[in-house]
Amino acid sequence: MYAVVRAGSKQQKVAVGDVIEIDRTGTGVGESLTLPVVMVVDGEDVTSTGLDNAGVTVEVLGATKGPKIVIQKYKNKTGYKKRQGHRQKYIQVKVTDITV
């Protein structure tokens with residue numbers, strides 16, 4: 001059985017025992033979160049309606065960072081150069097339960 005959950009502005013396919021990265025929230029290590037479900041697939045059955053009470057329980061494992069992204073701006077013949085870097089902050093979570 002797996003589910004498609006909404007974590008922030010993204011959707012991810014998860015099953016029990018999966019470890020995924022989602023956008024950082026204000027929760028600490030060891031705490032639990034409940035993510036809203038968009039769709040549930042259980043064998044041959046696909047459910048995408050009536051999932052108001054459905055949820056995926058995840059446990060926070062720790063904080064991580066995404067890859068370094070380098071942003072460079074340049075304008076020809078003016079001497080304008082700008083370089084900036086960014087690393088998105090994520091939290092690693094482990095899926096513990098899918099309830100329908």
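1. D23 belongs to strand β3, residues 19-23, in this predicted model, where local features need pLDDT of at least 70, side-chain atom pairs count only at pLDDT 80 or more, and totals for chains, interfaces and linings use all residues. Strands here are DSSP runs of E with at least two residues, and helices are H or I runs of at least four, both numbered from the N terminus. Residues are numbered from 1 along each chain as its sequence is written, and side-chain values use heavy atoms, with hydrogens and water left out.

2. What does D23 touch? Setting aside residues up to four places away in sequence, D23 touches Q88, K89, Y90 and I91 (contact means heavy atoms within 4.5 Å). Q92 lies 69 residues from D23 in sequence, with 9.0 Å between their C-alpha atoms. D23 counts as partly exposed because its relative accessibility is 26%, and that class lies between buried (under 20% relative accessible area) and exposed (over 50%), with a 1.4 Å probe and protein chains only.

3. Now the whole chain. The protein has nine strands and zero helices. Its C-alpha atoms fill a box of roughly 60 × 30 × 20 Å along the principal axes. Of the 100 residues, 25% are buried. Among contacts between residues at least 6 apart in sequence, 65% join residues at least 24 apart.

4. K13 lies over the face of Y2, 4.2 Å from the ring centre. The charged end of K75 sits over the Y80 ring, 5.8 Å from its centre.

Notes
A charge sits over a ring if NZ of Lys or CZ of Arg is within 6 Å of the ring centre and within 35 degrees of the ring normal.
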